[in-house]
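Let's take a walk through this fold, one piece at a time.

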Amino acid sequence: MSEEYATALTPEHKKFLQDLFKDGVSFDPETLRVYASDASLRTGVVLAMVRPENAAQLCEFMRWAEEQRVVVHPRGRGTSLSGGCVPTVPGIVVSMLGMDRILDISKEDFVAVVEPGVNTALLQAECEKLGMFYPPDPASGKATSVGGNVLTCAGGLRAVKYGVTRDYVLGVEAVLPGGKMVKFGGRSHKDVIGLDLGRLFVGSEGSLGIVTKLTLKLLPKPEASASVLVGYPSLDAALASMGKVFAAGILPCAVEFMNETVLEILTKTGEVPWPDTVKSLLLFQVDGSRDTVPLENARLSKQLDDALWRMEGVGKEEEDKLWAYRRRVSAASYVLGPDRIGGDMAVPRGSILKAVRRFEEIAAANGKRLIGFGHAGDGNIHANLHYDASDPDDARRTQKTHHELDDAALEFGGSLSGEHGGGCLKDVGKQLGKEEHALMRAVRKVFDPHGILNPGKGY
């Protein structure tokens with residue numbers, strides 16, 4: 001279908017965009033270079049960048065884009081690690097950062113109404129000021145937008161207890177190709193009338209329409225929390241200990257694991273509090289009322305009696321010191337190479353250890369090191385590989401390893417992605433059956449009959 005797309009903008013096209021968006025449009029090559037890539041570091045061709053300020057602008061733009069067969073690439077904050085924001089076909093990038101208002105936070109309805117460009121961490125902070133809680137917590141929350149989280153169905157650190165982004169989307173307002181506006185759901189927490197088409201937008205990777213407003217479910221803010229960082233002689237011992245926690249009926253709000261390579265790079269790049277005998281870490285958090293958190297923390301500690309070392313924190317200030325080690329991992333990993341391919345496979349929770357060890361074997365067979373960490377409570381493994389893109393052999397071996405890791409994840413009954421989405425880097429056909437894949441593409445065509453929205457992404 002790519003031969004049907006406009007591959008360049010005419011003077012008439014540019015005038016239309018300037019008249020519609022005024023200062024919110026750019027054709028400057030230096031500016032467009034920023035929008036040609038995302039955190040995956042893949043690049044594409046951008047014909048223009050526009051930044052709508054309201055839904056009416058977007059409706060007119062999408063009417064024009066479909067009529068002119070101009071490809072549209074929606075973009076939040078460009079943090080996608082799967083190439084979700086990279087133009088696979090020359091087109092116009094629509095930056096949603098001009099629509100970044102928190103419209104309402106209601107303590108009566110337990111909802112927040114936001115525009116898609118709102119920063120995730122800002123929304124969480126504003127909710128907490130009012131005693132409310134928005135649980136989805138991607139590790140990159142300080143950089144991401146809520147709209148981006150919705151379109152990739154981001155998970156994050158607290159998913160084991162609170163679920164992922166799809167569990168908190170009550171209502172979606174979006175503009176479709178052709179300029180039609182649709183609204184699904186709303187402020188009611190229960191609604192079983194008709195098909196839940198709004199839920200289709202969650203994880204759709206910008207392929208159905210451009211989201212303009214979201215209604216999100218909130219919870220009461222937990223009164224208290226506590227975290228514990230525990231060290232073990234191996235990942236085997238760490239995950240065996242985690243199994244004891246769940247077997248005891250304890251449900252932490254977060255459980256993170258870090259393999260031996262992670263501890264090696266953390267030790268190389270900064271001071272660490274654990275002794276040399278510690279080769280793998282688990283990081284737990286429990287939350288609840290002021291009365292129950294000490295009890296839950298005590299129950300948790302009882303199951304961690306086989307740890308070599310531990311460090312505890314109660315309350316945000318103390319806990320942040322523990323979580324800082326987990327949040328350091330991505331930056332520290334660059335000691336293994338200036339470039340990165342980041343995997344986010346998910347496997348059944350009971351298969352995490354076997355999967356990580358299999359991933360390590362695959363990496364070693366290709367002369368690579370696997371940086372293995374992630375959300376142990378829901379089987380989400382961040383399997384990162386670092387390399388030097390200027391070395392063709394290293395780049396080839398890294399790409400080969402990445403594809404073999406995907407294959408291995410499926411062998412364990414897992415998924416190619418737990419939260420980043422397919423973007424343009426994942427061969428989702430490996431996971432999706434032929435009939436299932438065809439159905440998804442047919443749904444996509446209903447919303448976008450001419451295929452102008454984010455072609456080559458997701459499914």
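## A pair of strands and its sheet

Strands β17 and β18 run antiparallel and are joined by 5 bridges. Helices and strands here are DSSP runs numbered from the N terminus, with helices being H or I runs of at least four residues and strands being E runs of at least two. Two strands count as paired if DSSP finds at least two bridges between them. Before going on, note that this is a predicted model, where local features need pLDDT of at least 70, side-chain atom pairs count only at pLDDT 80 or more, and totals for chains, interfaces and linings use all residues. Residues are numbered from 1 along each chain as its sequence is written, and side-chain values use heavy atoms, with hydrogens and water left out.

β17 and β18 belong to an open sheet of 7 strands, ordered β15-β12-β14-β13-β17-β18-β16 with antiparallel pairing. At the edges you'll find β15 (309-314) and β16 (339-343), each of which pairs on one side only. On average, neighbouring strands of this sheet are turned by 15 degrees against each other, direction ignored. As for what holds a sheet together, strands pair through backbone hydrogen bonds, either parallel or antiparallel.

## Helices on that sheet

Helix α13 (residues 352-365) lies across β13 (254-258) and β18, and runs at about 15 degrees to β18. Helix α14 also packs on the sheet, where α14 touches β16 and β18, and its direction makes about 170 degrees with that of β18. For these angles, axes are lines fitted to C-alpha atoms, for helices over the stretch in contact, and angles run from 0 to 180 degrees between N-to-C directions.

Now pick out T401, which sits in helix α14 (residues 392-411). Is T401 buried or exposed? T401 is buried, because its relative accessible area is 0% (buried means under 20% relative accessible area, exposed over 50%, partly exposed in between, with a 1.4 Å probe and protein chains only). Setting aside neighbours within four places in sequence, T401 is in contact with I362, A363, N366, K368 and L385 (contact means heavy atoms within 4.5 Å).

## A glycine in a loop

G377 lies in the loop between β17 (371-375) and β18 (380-387). With a relative accessible area of 7%, G377 is buried too. Which residues does G377 touch, not counting those up to four places away in sequence? They are V160, F246, V255 and R349.

## The five-strand sheet

Another open sheet has 5 strands in the order β5-β6-β10-β8-β9, again with antiparallel pairing. Its edge strands are β5 (102-106) and β9 (181-185), each pairing on one side only. Neighbouring strands of this sheet are turned by 10 degrees against each other on average, direction ignored.

Look at β5 and strand β6 (residues 111-114): 4 bridges join them, and they run antiparallel. The bridge partner of D104 in β6 is V113. Helix α4 (residues 120-129) packs on the sheet and touches β5, β6 and β10, its direction making about 35 degrees with that of β5. Helix α3 (residues 55-68) lies across β8 (169-175), β9 and β10 (210-217), running at about 50 degrees to β8.

## Two helices side by side

Helix α1 (residues 11-21) packs with α3 at an angle of about 170 degrees, with their axes 10 Å apart. The two helices are therefore roughly antiparallel to each other (angles under 35 degrees count as roughly parallel, over 145 as roughly antiparallel, 65 to 115 as roughly perpendicular and the rest as oblique). From α1, the contact uses H13, F16, L17, L20 and F21, while α3 brings Q57, E60, F61, R63, W64 and Q68.

## A covered strand

Strand β2 (residues 46-50) is mostly covered, with 5 of its 5 residues buried. β2 is joined to strand β1 (residues 25-26) by 2 bridges, running antiparallel, and to strand β4 (residues 91-95) by 4 bridges, running parallel. M49 stands opposite V93 in β4.
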